[in-house]
Amino acid sequence: MIPVAEALAQVLALISPTGTEDVPLDAADTRALAAPIVATRTQPPFAASAMDGYALRADEAPAGANLRVIGEAAAGRAFTGKVGMGEAVRIFTGAPVPDSADTILIQEDADRSGDRITVREAARPGAHIRPAGGDFFTGAEIPSPRRLSPRDIALAAAMNCPKLTVRRRPVIALIPTGDELVMPGEVPGPDQIVSSNNFGLAALIARAGGQPRLLPIARDTPDSLRAAFASARDADLIITLGGASVGDHDLVQSTAADEGLDLSFYKIAMRPGKPLMAGRLGGTPMLGLPGNPVSAMVCGTLFIEPAIHAFLGLPAPDRAFTAPLAHALPANGPREHYMRARREPDGSVTVFDCQDSSLLSVLHASDTLAIRPPHAKAAPAGQDIRCLAL
Ligand SMILES: Nc1nc2c(c(=O)[nH]1)N[C@H]1C(S)=C(S)[C@@H](COP(=O)(O)OP(=O)(O)OC[C@H]3O[C@@H](n4cnc5c(N)ncnc54)[C@H](O)[C@@H]3O)O[C@H]1N2
Ligand code: MOO
């Protein structure tokens, strides 16, 4: 059994970033940016009015001054003349500020009568003018790598970059295995259960930025497993669920070995998740996850999510935090224990009594994995414990 950190390093060593593709802005949210976004223009491209009012020269417009309105500048329609002495130009928000004007008098501070205004309250020089390039200049960059957010996309659009270069979403094949499994919605036989891990992991994979490919349930026979492997060969990562342990019907490893599996490791000092295996099958990275549903989901958080980030060229997600225990915990055994837990409103962490790795209802009630190192001593209430946010 190898430690969790070493297993993660070995999993990540199997993975290289996917290739890139260009996507339009409206398909870019949450994608992994693979090349910097470079502004092709300056914004605003001209000095622009920030208010509706009058463009004028501040030294011509003390309180009480009477000015002639010689034209109009609107957003998208500049006034092309000059503002001379004793003159003003009607202007609207977003319009280019005419030459020679240095100030915007907001309309609330002017009394209009025909083509003349009287300044009610003088504006300070430069008031309400957004300078050219006040937002960004040509050549400004949004750096990569990053996971694109709506804020990134708004800025990229303003930079006039209609397409963004992102990493291809890695295709992750999910192979549930077991004679006892049926798909949700089917009617299970008396000795059968409904397959859940593949759906939970597919959701986790999609959220992390991968493309889950749900394959049919493989039966506990070498032929069925071989057929499943064959249909998954073109994926970026093959994940099997179940059949990873030592029972007579746990055939994943032996069948994969017959198919040429280049094994990186089998079994880690982790609870739940001990029988995890990793390697390459015909060149494709492969993870063999334990069948117990909580084990599979915890392995999803610890190994699959970082693996998808590696495919996308993104740093590993940081889910770590430290919090005080709401109650005492007994000493731990030899495996690093990822205990299902709940964060309380006061910030402390309550670890659930029942940690059996088959209990999806307990995982469902959890928002935290509280981590007990191998051979940790008994911990009193109030002691800080390392945690991962789910
Ligand atoms: N003698 C030993 N027995 C076991 C050991 C061991 O070290 N020695 N390890 C235990 C641990 S820890 C785990 S974890 C499990 C892992 O077993 P497998 O990976 O071989 O998984 P299965 O036997 O196929 O299934 C275990 C359990 O999970 C259910 N299952 C499987 N797939 C799904 C699915 N897609 N959706 C929902 N539930 C699923 C399956 O029905 C079993 O109940 O081995 C222990 N045994
Ligand atoms: O390692 Mo198993 O995953 O505890 O149930």
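Author: Let us begin with handedness. A crossing of two helices is called right-handed if the near helix is turned clockwise from the far one by less than a right angle, and left-handed if the turn is anticlockwise. Please keep in mind that the model before us is predicted. In it, helix 3 and helix 6 form a right-handed crossing.

Reader: What is the angle at which helix 3 and helix 6 pack, and how far apart are their axes?

Author: In general, a pair of packed helices is described by the angle between the axes and by the distance between them. Here helix 3, residues 197–208, packs against helix 6, residues 293–311, at an angle of about 25°, and the axes are 10 Å apart. Because angles under 35 degrees count as roughly parallel, helix 3 is described as roughly parallel to helix 6.

Reader: Which residues of helix 3 and helix 6 meet?

Author: On the side of helix 3, the residues are N197, G200, L201, L204, I205 and A208. They meet P293, A296, M297, G300, I304, E305, I308 and H309 of helix 6. By class, this contact of helix 3 with helix 6 has 9 nonpolar, 4 polar and 1 charged residues.

Reader: At what angle do the axes of helix 1 and helix 6 cross?

Author: The axes of helix 1, residues 4–13, and helix 6 cross at roughly 35° and come within 10 Å. This crossing, too, is right-handed. From helix 1, V4, L8, V11 and L12 meet L302, F303, P306, A307 and A310 of helix 6. The contact of helix 1 with helix 6 comprises 9 nonpolar residues, with no polar and no charged ones.

Reader: Which residues surround ligand 2?

Author: The shell of ligand 2 consists of R271, P272, G273, K274, P290, N292, S295 and S357. By class, these are 2 nonpolar, 4 polar and 2 charged residues.

Reader: Where is P272 found, and is the peptide bond from R271 to P272 cis or trans?

Author: The bond from R271 to P272 is cis, with omega near -5°. P272 lies in the loop between strand 21 (270–271) and strand 22 (277–281). The bond from S144 to P145 is also cis, with omega near -5°, and P145 belongs to the loop between strand 12 (141–142) and strand 13 (146–147).

Reader: What does a database record say about residues 173–310?

Author: An unreviewed UniProt entry places the feature "domain: MoaB/Mog" at residues 173–310. Over that range the chain of this model is 35% helix and 25% strand, with the end C-alpha atoms 17 Å apart.

How values were computed:
Residues are numbered from 1 along each chain as its sequence is written. Chains are lettered from A and ligands numbered from 1 in the order in which they are written. This is a predicted model: local features need pLDDT of at least 70, side-chain atom pairs count only at pLDDT 80 or more; totals for chains, interfaces and linings use all residues. UniProt positions are given in the numbering used here, feature names are shortened, and annotations may be inferred rather than shown by experiment. Helices (H or I, at least four residues) and strands (E, at least two) are DSSP runs, numbered from the N terminus. A residue is near a molecule or strand if its C-beta atom, placed from the backbone, lies within 6 Å of it. Ala, Val, Leu, Ile, Met, Phe, Trp, Tyr, Cys and Pro count as nonpolar, Asp, Glu, Lys and Arg as charged, and the others, Gly among them, as polar. Axes are lines fitted to C-alpha atoms, for helices over the stretch in contact, and angles run from 0 to 180 degrees between N-to-C directions. Angles under 35 degrees count as roughly parallel, over 145 as roughly antiparallel, 65 to 115 as roughly perpendicular and the rest as oblique. Two residues are in contact if their C-beta atoms, placed from the backbone, lie within 7 Å.
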